[in-house]
2 protein chains.
Amino acid sequence: METNLSSKLTSQYRPSGTWPVRILGMIAPHNPMQNSLLAALPAEGFNRLLTYLELVPMPFGKVIYESGSKLQHLYFPTTCILSKLYALADGGSSEIAVIGKEGALGVSLFMGGETTPSRAMVRSSGFAYRLKAQVLKNEFNRGGAFMQLLLRYTQALMVQVSQTAVCNRHHSLEQQLCRCLLLTHDRLQADSLAMTQELISNILGVRREGVTEAAGKLQRAGYISYSRGHIEVINRSGLENAVCECYSVVKTEYDRLIPHANQAKYLQMSN
Amino acid sequence: METNLSSKLTSQYRPSGTWPVRILGMIAPHNPMQNSLLAALPAEGFNRLLTYLELVPMPFGKVIYESGSKLQHLYFPTTCILSKLYALADGGSSEIAVIGKEGALGVSLFMGGETTPSRAMVRSSGFAYRLKAQVLKNEFNRGGAFMQLLLRYTQALMVQVSQTAVCNRHHSLEQQLCRCLLLTHDRLQADSLAMTQELISNILGVRREGVTEAAGKLQRAGYISYSRGHIEVINRSGLENAVCECYSVVKTEYDRLIPHANQAKYLQMSN
DNA sequence: GACGTTCTGTGCGCTAACACACAAATAACC
DNA sequence: GGTTATTTGTGTGTTAGCGCACAGAACGTC
């Protein structure tokens, strides 16, 4: 859907003096502009950060930080998906937020506090760019577009978390599974999601058997097909139909708060 | 518990030049320093805001803003308790966050977006100070202590919301009722809380009958007594014993992120 | 192709919370 | 002081999701 926007954008969008660097990036497989937040920065701020952005592989299952540990970096996912999870004393868990190419992990670095009582892990393999804490804070404290963008993103994140709270209370496992699948699908380039039902059960904070049952329904309805950790989204609008209102509330809020030009720009340049 | 701190504080804590105004305030029934955030400001910023702070009565049930409406003020509760609620399409609802004298309502004003998809209402009558949106933004954009304080508070708020999400998924109605009562008790000066079971059911997003049952248990245990909208906290440690871990996780995070000197200072001066 | 491992499917009893329908108690108001 | 509205209590049946215990199916690997 974001690709529809590409026709509206021209190569004039970013001051031309900055293009040589960027064009190399476009051709390379990894590019900071694959991340919406980085892509939304004005050229000046973007270029200032470019030197400091470190590309890191994010293998599935890797723990980015544990509850209470001091954060060292702010992560901007490009192809990976990260998960903020809270683990209860009794072994239970729940995903608090999903973070993919639309966002960043580690907001407590600039919000203050340096740490947060939750764990972050890689939920889907890929890559991310990261900034050292000090670099991030320096740039944030300039008080310019970067700061405003991060704050707006944090606001969107807050809405996501809020809606998760409401959803956990009121909606059925099946609806929540749809939400989970759509959120994941949104953050990947492909229709095939790599996640076992066991993983999903940890994310949703429900029994694995419950996921099996709900996923079976969705498969029988022809919306997805899956086998051993590989879920194929066959009929996305089917899922959108079965999901609760929570999904679109959050989606709308992200679209409102965060510029989404990056996909369009990226795709346009690589064609 | 905060009063224990008073012995550690001296009247030198705030530059003496600012006291005359403050002392008048101390004696008066309403004082901006009853709010933790305002109280934590350094004198300079506090004095700059003082002119703009408007005291407003907050009667029970009053709606501060509706979902999607543009916010006009940032509210700093002193004696009232506010509630951020999300109302579902099907009539269901859930409280997303409680806001009392420890915080502020309307963070999306400075985070960006100007609005948020939820409703805010007065859950317990009292007073609040408020700042006009523009004044708030001007002060926030100075980038000083006020900004940092608000950001830290927002971070704490985020933890509260996150924990609510987890709690909604995993814990029993009875545990959640305890959490609700403790949160309310923390934000009031008295042991008697004015809330009907119907109200609590809206807050928790459960059936009223469920609240009746859980409240009955707590009453039989001797932790509370209640009748027609008046709940008396008799044994607070009983509640703290029955509540889930979520309560203390959030409490600890607030204590870590937000200076709590105000109670101490206030009490010391009024003695 | 035999083996262990990792995923997924299914069945059964259980419980917390639900929906609905009233009854009882307390306060509020002419 | 009697009527009305609000709040709380109780009962009955229903259901979504839980816990546990396996069985089957797919994959890796040696």
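The following legends describe close-up views of a predicted model. Residues are numbered from 1 along each chain as its sequence is written, while chains are lettered from A and ligands numbered from 1 in the order in which they are written. In this predicted model, local features need pLDDT of at least 70 and side-chain atom pairs count only at pLDDT 80 or more, whereas totals for chains, interfaces and linings use all residues.

**View 1. Overall composition of chain A.** Chain A contains 12 helices and 10 strands; helices (H or I, at least four residues) and strands (E, at least two) are DSSP runs, numbered from the N terminus. Of the 271 residues in chain A, 47% are buried. A residue is buried if 20 or more other C-beta atoms lie within 10 Å of its own, exposed if 12 or fewer, and partly exposed in between, with C-beta atoms placed from the backbone. Among the contacts in chain A with a separation of 6 or more, 77% involve residues 24 or more positions apart; two residues are in contact if their C-beta atoms, placed from the backbone, lie within 7 Å.

**View 2. Strand S4 of chain A and its two partners.** Strand S4(A) (residues 81-87) is mostly covered, with 6 of its 7 residues buried. S4(A) runs antiparallel to strand S5(A) (residues 93-99), to which 6 bridges join it, and A:Ser83 stands opposite A:Val98 in S5(A). Two strands pair if DSSP finds at least two bridges between them. The hairpin of S4(A) and S5(A) has 5 residues between the strands, and A:Gly91 takes a positive phi near 100 degrees there. S4(A) is also joined by 5 bridges to strand S6(A) (residues 119-124), again in the antiparallel sense; the bridge partner of A:Leu85 in S6(A) is A:Arg119.

**View 3. The sheet S8-S10-S9 of chain A.** This open sheet of 3 strands has antiparallel pairing. Strand S8(A) (192-194) and strand S9(A) (224-227) are the edge strands, each pairing on one side only. From one strand to the next the twist averages 20 degrees. S9(A) and strand S10(A) (residues 230-233) run antiparallel and are joined by 4 bridges, and A:Tyr226 has A:Ile231 as its bridge partner in S10(A).

**View 4. The S9-S10 hairpin of chain B.** Strand S9(B) (residues 224-227) pairs with strand S10(B) (residues 230-233) in the antiparallel sense over 4 bridges. B:Ile224 has B:Val233 as its bridge partner in S10(B). The hairpin has 2 residues between the strands, and B:Arg228 in the turn has a positive phi of about 40 degrees.

**View 5. Crossing of helices H7 and H8 of chain B.** The axes of H7(B) (residues 173-186) and H8(B) come within 11 Å and cross at roughly 105 degrees, so H7(B) is roughly perpendicular to H8(B). Axes are lines fitted to C-alpha atoms, for helices over the stretch in contact, and angles run from 0 to 180 degrees between N-to-C directions. Angles under 35 degrees count as roughly parallel, over 145 as roughly antiparallel, 65 to 115 as roughly perpendicular and the rest as oblique. B:Gln176, B:Leu177 and B:Cys180 in H7(B) meet B:Ile200, B:Ile203 and B:Leu204 in H8(B). This contact comprises 5 nonpolar residues, 1 polar and no charged, where Ala, Val, Leu, Ile, Met, Phe, Trp, Tyr, Cys and Pro count as nonpolar, Asp, Glu, Lys and Arg as charged, and the others, Gly among them, as polar.

**View 6. The side of chain B that touches chain A.** In chain B, 35 residues are in contact with 35 residues of chain A. The elements of chain B that give two or more residues to this side are strand S5 (93-99), helix H4 (108-111), helix H6 (145-170) and helix H11 (245-257). H6(B) gives the most, with 15 residues. By class, this side of chain B has 14 nonpolar, 16 polar and 5 charged residues.

**View 7. Surroundings of DNA strand D.** DNA strand D is surrounded by 19 residues, the closest being A:Val206, A:Arg207, A:Gly210, B:Thr196 and B:Gln197. A residue is near a molecule or strand if its C-beta atom, placed from the backbone, lies within 6 Å of it. H9(B) gives the most to this surface, with 5 residues. The surface near DNA strand D has 4 nonpolar, 8 polar and 7 charged residues.
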